[in-house]
Amino acid sequence: MKKSFVVLAAALLALSATGCQKKQKAEWIVATDTVFRPFEYTDEKGNFVGIDVEILAAIAADQGFTYELRSLGWDAGVQAVQVGQADALIAGATIKQERIDNGWIFSDGYYNATQTFVVAKDSTVASFEDLRGKSVAVKTGTAGADFAESLQSQYGYTIVRFEDSPTMYQDVVNGNTAACVEDTPIAADNIKSAGLQLRIPAGMESAGAPYGFAIMDPANQKLLDLFNEGLKNIRENGIYDSIINKYLK
């Protein structure tokens, strides 16, 4: 009788362990930014919302997987995925070769964005040439920073780096830097929603590139496959367009 109990207990323990393993594998940890409106931000009720937030939720519902979304900020989010504290990143991450060469593994693109120079509302800057001898603010590690760097030697401005967009915007508003560089939909939304005393000059944007969902460990390829399949489905059934129109109407 005692022996049977031990065997039964061992079997139940093994079954419990198997169940825990399945639960752990089903729940992915996804890192994101904190202040990248309209892709991820906190609304007036304290809810975390945005295009990336809703796209990921729609894809997870379509594909039947669960996840935990951790709002860490850009640099901390990237680092979390690099060291295995998170499985993936969704944070308006531009798909570019430099990142792929450094171990980023991207999904299919889910939104095409340009980068643009942004100036103070009363600024006389109307072209790249007007920035000669001035300072330009960028957010570290972004496509906007890359765009600014690609034109720096040609137009003779210096670059000042920041860790987040709000601080970067305020530096331009305060007149410390002549311009900043940001993803165009992000800049336009922030100018409108926050009433920032900034404007986007015509003709000072990049050619653009797609955003991608990213992993950095090939062992998480299953999550990337689920994302791609779900993205395809929500594009076809209209959910994707509904989300984009909600935030970028």
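Predicted model: local features only at pLDDT ≥ 70, side-chain atom pairs only at ≥ 80, totals over all residues.
In β11, Asp183 is the bridge partner of Gln115. Residues are numbered from 1 along each chain as its sequence is written, and side-chain values use heavy atoms, with hydrogens and water left out.

**The sheet around β8**

Strand β8 covers residues 115–120. Helices (H or I, at least four residues) and strands (E, at least two) are DSSP runs, numbered from the N terminus. β8 pairs with β11 (residues 179–183) in the antiparallel sense, over four bridges. Two strands pair if DSSP finds at least two bridges between them. β8 also runs antiparallel to β12 (residues 198–199), and two bridges join them. There, Ala120 stands opposite Leu198.

How many of the six residues of β8 are buried? Six of the six are, so β8 is largely enclosed by the rest of the structure. Buried means under 20% relative accessible area, exposed over 50%, and partly exposed in between (1.4 Å probe, protein chains only).

In which order do the five strands of the open sheet lie? The order is β10-β9-β11-β8-β12, with mixed pairing. β10 (158–162) and β12 are the edge strands, and each pairs on one side only.

β9 (residues 135–139) and β10 run parallel, joined by five bridges. Ser135 has Thr158 of β10 as its bridge partner. Val138 has Arg161 of β10. β9 is mostly covered, with four of its five residues buried.

In a regular strand the side chains alternate between the two faces of the sheet.

**Helices on the sheet**

Helix α6 (residues 165–173) lies across β8, β9, β10, β11 and β12. α6 runs at about 150° to β11. Angles run from 0 to 180 degrees between N-to-C directions, and axes are lines fitted to C-alpha atoms, for helices over the stretch in contact. Helix α7 packs on the sheet too, touching β8, β11 and β12. The direction of α7 makes about 110° with that of β11.

Ser165 is found in α6. Is Ser165 buried or exposed? Ser165 is buried, with a relative accessible area of 1%. Not counting residues up to four places away in sequence, Ser165 touches Val35, Lys139 and Glu182. Contact means heavy atoms within 4.5 Å.

α7 spans residues 184–194. The buried residues of α7 are Pro185, Ile186, Ala187, Asp189, Asn190 and Ile191. Just after α7, Gly195 takes a positive phi of about 65°.

**The partners of α2**

Helix α2 (residues 51–63) meets two other helices, α8 and α9. The table sets out both pairs.

| Helix pair | Axes come within | Crossing angle |
|---|---|---|
| α2 (residues 51–63) and α9 (residues 239–248) | 10 Å | roughly 165° |
| α2 and α8 (residues 221–236) | 8 Å | roughly 100° |

The axes of α2 and α9 cross at roughly 165°. That makes α2 roughly antiparallel to α9. Angles under 35 degrees count as roughly parallel, over 145 as roughly antiparallel, 65 to 115 as roughly perpendicular and the rest as oblique. The crossing of α2 past α9 is right-handed. A crossing is right-handed if the near helix is turned clockwise from the far one by less than a right angle, left-handed if anticlockwise.

On the α2 side, Ile51, Glu54, Ile55 and Ala58 take part. They meet Ile239, Tyr240, Ile243, Ile244, Lys246, Tyr247 and Leu248 in α9. By class, the contact of α2 with α9 has nine nonpolar, no polar and two charged residues. Ala, Val, Leu, Ile, Met, Phe, Trp, Tyr, Cys and Pro count as nonpolar, Asp, Glu, Lys and Arg as charged, and the others, Gly among them, as polar.

The axes of α2 and α8 cross at roughly 100°. That makes α2 roughly perpendicular to α8. Ile55, Leu56, Ala58, Ile59, Asp62 and Gln63 of α2 meet Leu226, Phe227, Glu229, Gly230, Leu231, Asn233 and Ile234 of α8. The residues of this contact divide into eight nonpolar, three polar and two charged.

**A cis bond and the whole chain**

The peptide bond from Arg37 to Pro38 is cis, with omega near 10°. Pro38 sits in the loop between β1 (27–32) and β2 (41–42).

Overall, the protein has nine helices and 14 strands. Of its 249 residues, 45% count as buried. Among contacts between residues at least 6 apart in sequence, 72% join residues at least 24 apart.
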